Amino acid sequence: MGKNTKNFVIIGMTHSGEVFRPSDWAERLCSLTSLLKNDKRVKYSQFVRPGCTSTGVKTVIVNPHLREADPLAWKFVLDFAKDHKLQFESPPVSPAYTAVAETFRARHSVRRFLPTPVSRDVVAELLELASRSPSGTNAQPWKVYALADMDRAILSAALLEQFDQDATEKPDYEYYPDHWEEPWLSRRRKLGFDLYGLIGIPKGDKPRMKEQSGRNFLFFDAPVGLIFTLDRRLAQGMLLDYGVFIGHLIIAAQARGLASCMQTAFIDYPDTVRRFLGISDQEMIVGGLALGYPDPEAPENHLVTEREPVEAFTTFRGF
Ligand SMILES: Cc1cc2nc3c(=O)[nH]c(=O)nc-3n(C[C@H](O)[C@H](O)[C@H](O)COP(=O)(O)O)c2cc1C
């Protein structure tokens with residue numbers, strides 16, 4: 001079999017963990033595929049060979065080039081594995097995968113930060129990593145305003161003033177639906193209930209709820225606040241690219257020992273944000289991000305949010 005081709009291995013073990021019988025199934029399967037190719041002599045195909053795991057479980061090693069070389073044999077082997085619910089050998093888990101998985105699991109939104117500064121170099125490094133994210137036609141539609149110190153504080157003050165006065169501005173795009181339906185309504189309620197519960201805000205305490213909402217505009221005290229904009233000459237579909245970019249960014253931050261909170265709260269005051277940044281209406285305000293070191297003492301940073309199991313949101317077909 002080709003040295004550079006990644007073969008895949010069918011293991012003589014069913015999905016429920018039973019050893020597949022008869023014990024010579026692998027040899028038989030390999031013989032059958034060779035017979036399909038050459039009905040005079042029984043000789044294993046160069047693409048399908050029997051093997052064995054380190055624990056003695058029989059396997060069949062398949063070269064994926066079999067599909068072009070002998071489509072019938074390819075289909076036969078794959079159907080055999082599927083019909084008998086046999087396992088495929090998974091590629092070994094690399095240390096990189098383990099580290100990335102740990103980073104994903106450790107990340108959560110942080111809503112109270114330490115005043116510890118984050119250097120411009122670190123912010124630039126994270127943004128450079130995030131810019132490795134894919135975007136349609138490689139358009140790279142993101143534009144970021146990174147604010148620290150007084151620049152961040154002045155924007156926060158201007159936004160808080162608007163918020164305190166219940167001022168309204170028209171968001172550049174709709175983020176929330178007008179009416180929340182299930183199951184999203186319950187999830188949203190649970191988040192609010194859990195968050196306010198942790199901070200000790202009783203149900204219906206509107207002044208304290210408002211105060212907590214207002215902390216969005218302080219970037220939750222984070223030393224760095226990012227504002228994301230999108231050029232209106234691009235279509236709204238490019239918000240997808242933005243989502244991927246921000247996803248990369250928050251994972252890079254987490255891996256660097258930093259924490260973050262994505263915030264669409266800023267879309268409530270696009271005109272104030274634009275005025276402060278000195279940018280034209282051509283740039284729509286996509287949202288913001290609080291970035292910094294988490295305050296481990298803050299109860300709100302201990303919020304654990306749940307997720308639906310994969311089977312609840314995925315329809316698997318053809319496996
Ligand atoms: C696009 C987007 C916008 C968000 N906007 C806000 C926001 O304005 N304020 C806030 O406190 N959290 C905001 N969040 C954080 C979500 O509440 C949080 O991601 C969600 O509850 C899941 O919790 P986790 O991030 O801790 O896993 C936002 C998250 C995303 C992805």
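Me: How many helices and strands are there in the protein chain?
Reply: This is a predicted model, in which local features need pLDDT of at least 70, side-chain atom pairs count only at pLDDT 80 or more, and totals for chains, interfaces and linings use all residues. Residues are numbered from 1 along each chain as its sequence is written. Helices (H or I, at least four residues) and strands (E, at least two) are DSSP runs, numbered from the N terminus. The protein chain has 11 helices and eight strands.

Me: How far apart do the C-alpha centres of domain 1 and domain 2 lie?
Reply: The domain assignment, whose bounds come from an automatic or database source, gives domain 1 as 8-88 and domain 2 as 105-313. Along its principal axes the C-alpha trace of the chain spans about 90 × 45 × 40 Å. The separation of the two C-alpha centres is 51 Å.

Me: Are helix H4 and helix H9 roughly parallel or roughly perpendicular to each other?
Reply: The axes (lines fitted to C-alpha atoms over the stretch in contact, with angles from 0 to 180 degrees between N-to-C directions) of H4, residues 95-106, and H9, residues 239-255, come within 9 Å and cross at roughly 100 degrees. Angles under 35 degrees count as roughly parallel, over 145 as roughly antiparallel, 65 to 115 as roughly perpendicular and the rest as oblique. H4 and H9 are therefore roughly perpendicular.

Me: Which strand gives the largest share of the shell around the ligand?
Reply: Residues surrounding the ligand include His108, Arg111, Cys261, Met262 and Gln263; a residue is near if its C-beta atom, placed from the backbone, lies within 6 Å. The largest share, three residues, comes from residues 259-263, strand E7.
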